[in-house]
Amino acid sequence: MALKAPLSLAFLEEHPQSAARVLESTPHEAGAVFLRELPARVAADTTAHMIPAVAATLLHEMSEKHAAAIIMEMENAAATAILRVWPEPYDKILEALTKRAGGRLRRALSYAPHLVGARMDPSAPALSGTLNAADALARLQAISPLPDMVAVEGAGGFFLGILYIRDLVAANGTAALQTIAKTSYTPLVDVQPLTAAVDHEAWSDTVVLPVVDGSGRFVGVFHRRALDAGVQEATAPLPPGLQFSGHLVQVFRHCVVGVAVMVANAIDTEKTGQR
């Protein structure tokens, strides 16, 4: 799969989403070899558009040095999504990053044990709401085992709703995911205390809920069994004052990230309007 002509590289730069779809259906070893031959910036842009679990598998096939070079070229949200489903503890890959990048990602990946994020399952993928059902099923073929549900993203990558695989299989192949997703469930927030998540109104008719971060982006799903097991362990790990202080720190950090994302999007929009 070596690049044979500059046109191949130009296509990757102009159409990273299309390239990502091809790589998702490519044998993992071949896909990893192909990514290694690309400039890190191009490989990062392509990999960031892949389903995180598949991207993590491809990058894990490489040496830590190669994988780190690609991850450092990604936006923080894409990098953390991939590292959350890394096939093994991600300490080695974080150590291969620069100290600043590794520290930033480690903070984004860390949750206090009494928070929802510490007990969520980050393996459920998120797909664009504009994707149709047939294409979504084709993409999901790259994931084994197939998840019970996927998240559906709206404009700007923000969480829109959830879609159970059984409903996706039954849907018309041309239907856009945003038209068949369930949008009635209010998601949990990754920095919510487990004790607060107990009272979520949706537990009466579901055993799994989506989880978003402080900027409204999907980061995983939360199973009721994890709540049942986790609340007892997290009821009193720290004195109440320290628990509250720790929660405030995490909330503040996620708010800062959310504000930074909005500012960055505003700047990008302004630049686009000036072109």
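Biologist: Why is F159 counted as buried?

Modeller: F159 has 17% relative accessibility, and buried means under 20% relative accessible area, with exposed over 50% and partly exposed in between (1.4 Å probe, protein chains only); F159 therefore counts as buried. This is a predicted model, in which local features need pLDDT of at least 70, side-chain atom pairs count only at pLDDT 80 or more, and totals for chains, interfaces and linings use all residues. Residues are numbered from 1 along each chain as its sequence is written, and side-chain values use heavy atoms, with hydrogens and water left out.

Biologist: Why does F218 count as buried?

Modeller: The relative accessibility of F218 is 11%, so F218 counts as buried.

Biologist: How many aromatic pairs does a search of the whole structure find, and what makes the pair of F159 and F218 stacked or tilted?

Modeller: The search finds two aromatic pairs. Rings of Phe, Tyr and Trp (its six-membered ring) pair if their centres lie within 6.5 Å; planes under 30 degrees apart count as stacked, over 60 as edge-to-face and the rest as tilted. F159 and F218 lie 6.3 Å centre to centre with 20° between the planes, and the pair is stacked. F159 belongs to strand 3 (residues 159-164) and F218 to strand 6, 59 residues apart, and the pair links these distant parts of the chain. Strands (E, at least two residues) and helices (H or I, at least four) are DSSP runs, numbered from the N terminus.

Biologist: Why is the pair of W203 and F222 called tilted?

Modeller: The ring centres of W203 and F222 are 6.4 Å apart and the planes stand at 55°, so the pair is tilted. W203 is in the loop between helix 13 (194-197) and strand 5, whereas F222 is in strand 6, so the pair ties together parts 19 residues apart in sequence. Both W203 and F222 are buried.

Biologist: How do you know that strand 5 and strand 6 are joined, and why do strand 4 and strand 6 stand at the edges?

Modeller: Two strands pair if DSSP finds at least two bridges between them. Five bridges join strand 5 (residues 208-212) to strand 6, and the two run antiparallel. V212 has F218 of strand 6 as its bridge partner. The open sheet has three strands in the order 4-5-6, with mixed pairing. Strand 4 (188-189) and strand 6 each have a single partner strand, so one side of each lacks a neighbour in the sheet.
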